[in-house]
Amino acid sequence: MLNAYSGDGAVDEMTETLIRRRQSLLGPAYRLFYERPIHMVRGEGPWLFDASGERYLDAYNNVVSVGHCHPHIVDAIARQAAVLNTHTRYLGDSILDYAERILATMPDALGNIMFTCTGSEANDLALRVARHCTDRKGVIVTQLAYHGVTQAVSEVSPSLGFGGERPPHVRTIAAPDTYRLEGDIAELLAAQTRQAVAELEAAGYGVAALMCDTIFSSDGVFTTRGLLSGAAAAVQAAGGLYIADEVQAGFGRTGENMWGFARHGVTPDIVTMGKPMGNGHPVAAAIMRPELLAQFGERARYFNTFGGNTVSCAAAAATLDVIEQEGLPANADKVGAYFRQRLQTLMTRHDCIGDVRGAGLFLGLELVSARDGKIPNATLASRVVNGMRDKRILISTTGIHGNVLKIRPPLIWQQEHVDMFVDSLDSLLKDLAR
């Protein structure tokens with residue numbers, strides 16, 4: 001969730017001028033972070049710099065997952081832009097070379113890739129393929145899922161209010177709240193999924209797909225292994241497809257695996273990706289079983305003018321170079337474990353921290369009422385987000401109640417960055433408790 005600017009923060013004259021220009025030119029639908037918005041002018045590694053030269057530790061922007069302005073990626077983009085930038089209807093090696101590399105990270109059953117510009121477009125395409133191949137319309141998503149901004153995927157994004165209201169062909173299943181729920185939570189999720197399948201079939205829609213973010217990032221960051229196994233199996237048994245949305249959890253973020261779905265012991269029918277794929281350059285994709293694309297291609301075509309263009313492929317390939325050469329999944333695993341350990345220690349000193357959960361360098365810190373450890377405290381979460389901003393550390397919130405700190409730093413973070421984060425949070429929570 002966004003901690004959106006409300007217009008009541010004290011800001012300097014230059015910032016206030018930019019805010020007025022922005023509101024006048026861009027209209028009211030855009031949002032800004034923080035009570036006092038920041039005028040960013042430069043990025044480098046794990047840092048962002050504002051117009052006055054102050055640096056901020058980035059613990060939020062997973063888009064630039066290998067660090068801001070990584071020189072290898074900047075150079076690859078510039079070199080390719082100086083030679084050729086064109087679409088996929090001409091022959092070329094770069095798109096095929098990248099396709100071979102990224103497909104090699106997938107299960108053998110997933111053998112085709114189609115390129116888009118954004119994760120929204122990738123999810124939109126995945127839904128088209130699923131509905132075409134199953135000849136069904138129904139979709140199952142989690143309670144506060146976010147899958148993108150096109151008309152089709154906004155309708156399966158309850159975090160956006162479904163783009164208006166929940167369509168009759170969409171069903172939601174509750175977030176797998178490992179903090180509050182007891183028992184076999186994976187089976188609870190599977191049982192809800194089976195019920196949703198039955199409802200869609202009774203309504204005449206059938207089930208085309210379960211679309212699920214593999215780390216439940218909008219629902220509150222739930223990271224227990226195997227949570228999705230039963231739900232995916234239930235949909236596949238009913239003839240639907242499991243679409244793994246890896247836009248936030250993919251590319252090594254969860255640590256030991258390249259992809260979040262691997263932690264659940266399942267093989268998706270379609271995998272979508274975006275955001276960190278080009279470290280900020282707009283490139284995304286949908287990877288799927290070849291038989292699905294063969295069936296889709298018999299009666300339909302897909303072309304995206306900018307999807308998979310030569311500069312985008314250069315950015316994606318260079319990003320994959322960095323992930324592999326710098327061992328970033330292993331680094332996320334190591335630094336993430338240290339991060340969780342330090343936050344768990346912090347929890348013993350602050351009873352407003354109800355739960356620490358995470359995988360690799362994707363963490364959720366649940367803030368609660370000190371009087372009852374499981375009452376969500378969204379007000380405190382907002383104060384923490386803005387307080388950390390004032391300490392030059394950037395985070396946001398997520399979850400059904402807006403009380404979970406969403407922590408997604410670049411995968412290049414080291415222990416020194418964790419220490420800076422945790423020490424600042426410790427100091428802030430002490431101040432807020434006074």
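This is a predicted model: local features need pLDDT of at least 70, side-chain atom pairs count only at pLDDT 80 or more; totals for chains, interfaces and linings use all residues.

Q: How many bridges join strand E12 to strand E15, and do the two run parallel or antiparallel?

A: Strands of a sheet pair through backbone hydrogen bonds, either parallel or antiparallel. Here strand E12 (residues 362–367) and strand E15 (residues 404–407) run antiparallel and are joined by four bridges. Besides the pair already named, Glu366 stands opposite Val404 in E15.

Q: In which order do the strands of this open sheet lie?

A: The order is E11-E12-E15-E14, an open sheet of four strands with antiparallel pairing. Strand E11 (353–359) and strand E14 (396–398) are at the edges; each has a single partner strand, so one side of each is left without a neighbour in the sheet. On average, neighbouring strands of this sheet are turned by 30° against each other, direction ignored.

Q: How does E14 connect with E15?

A: E14 and E15 run antiparallel and are joined by three bridges. Ser396 has Lys406 in E15 as its bridge partner. The hairpin of E14 and E15 has five residues between the strands, and in this hairpin Gly399 takes a positive phi near 100°.

Q: Which side chains of E15 lie on one side and which on the other, and are they buried or exposed?

A: In a regular strand the side chains alternate between the two faces of the sheet. In E15, Val404 and Lys406 lie on one side, Leu405 and Ile407 on the other, and all are buried, which leaves both faces covered.

Q: Which way do the residues of strand E9 point?

A: In strand E9 (residues 270–273), Ile270 and Thr272 point one way, while Val271 and Met273 point the other way; all are buried. As for partners, strand E8 (residues 241–245) runs parallel to E9, with three bridges between them, and Ile243 stands opposite Ile270 in E9. E9 also pairs with strand E10 (residues 284–288), in the antiparallel sense and over four bridges. In that pairing, Val271 stands opposite Ile287 in E10.

Q: What is the pairing in the open sheet that contains E1, E2, E3 and E13?

A: The pairing is mixed, and the four strands follow the order E1-E2-E3-E13. Strand E1 (40–44) and strand E13 (393–394) stand at the edges with a single partner strand each, so one side of each is left without a neighbour in the sheet. Between E1 and strand E2 (residues 47–50) the pairing is antiparallel, over four bridges, and Met40 stands opposite Asp50 in E2.

Q: Turning to helices, at what angle do the axes of H3 and H9 cross?

A: Two packed helices are described by the angle between their axes and the distance between the axes. The axes of helix H3 (residues 93–103) and helix H9 (residues 310–325) cross at roughly 35° and come within 9 Å. The crossing of H3 past H9 is left-handed.

Q: Which residues of H3 and H9 meet?

A: From H3, the residues are Ser94, Ile95, Tyr98, Arg101 and Ile102; they meet Thr310, Cys313, Ala316, Ala317, Leu320, Asp321 and Glu324 in H9. By class, this contact of H3 with H9 holds seven nonpolar, two polar and three charged residues. Thr86, in the loop between helix H2 (71–81) and H3, is in contact with Asn309 and Thr310, leaving aside its neighbours within four places in sequence. Thr86 has a relative accessible area of 18%, and it is buried because the cut-off is under 20%.

Q: How many aromatic pairs are counted?

A: A pair of aromatic rings is described by the distance of the centres and the angle of the planes. The count comes to seven aromatic pairs. For Tyr98 and Phe115, the ring centres are 6.2 Å apart and the planes stand at 50°, so the pair is tilted. Tyr98 lies in helix H3 and Phe115 in strand E4 (residues 112–116), so this pair ties together parts that are 17 residues apart in sequence. Tyr98 is buried at a relative accessible area of 1%, and Phe115 also counts as buried, at 9% relative accessibility. Elsewhere, ring pairs link Phe33, Tyr34 and Tyr60 into a cluster.

Note on methods: Residues are numbered from 1 along each chain as its sequence is written. Side-chain values use heavy atoms; hydrogens and water are left out. Two strands pair if DSSP finds at least two bridges between them. Axes are lines fitted to C-alpha atoms, for helices over the stretch in contact, and angles run from 0 to 180 degrees between N-to-C directions. A crossing is left-handed if the near helix is turned anticlockwise from the far one by less than a right angle, and right-handed if clockwise. Contact means heavy atoms within 4.5 Å. Ala, Val, Leu, Ile, Met, Phe, Trp, Tyr, Cys and Pro count as nonpolar, Asp, Glu, Lys and Arg as charged, and the others, Gly among them, as polar. Rings of Phe, Tyr and Trp (its six-membered ring) pair if their centres lie within 6.5 Å; planes under 30 degrees apart count as stacked, over 60 as edge-to-face and the rest as tilted. Buried means under 20% relative accessible area, exposed over 50%, partly exposed in between (1.4 Å probe, protein chains only).
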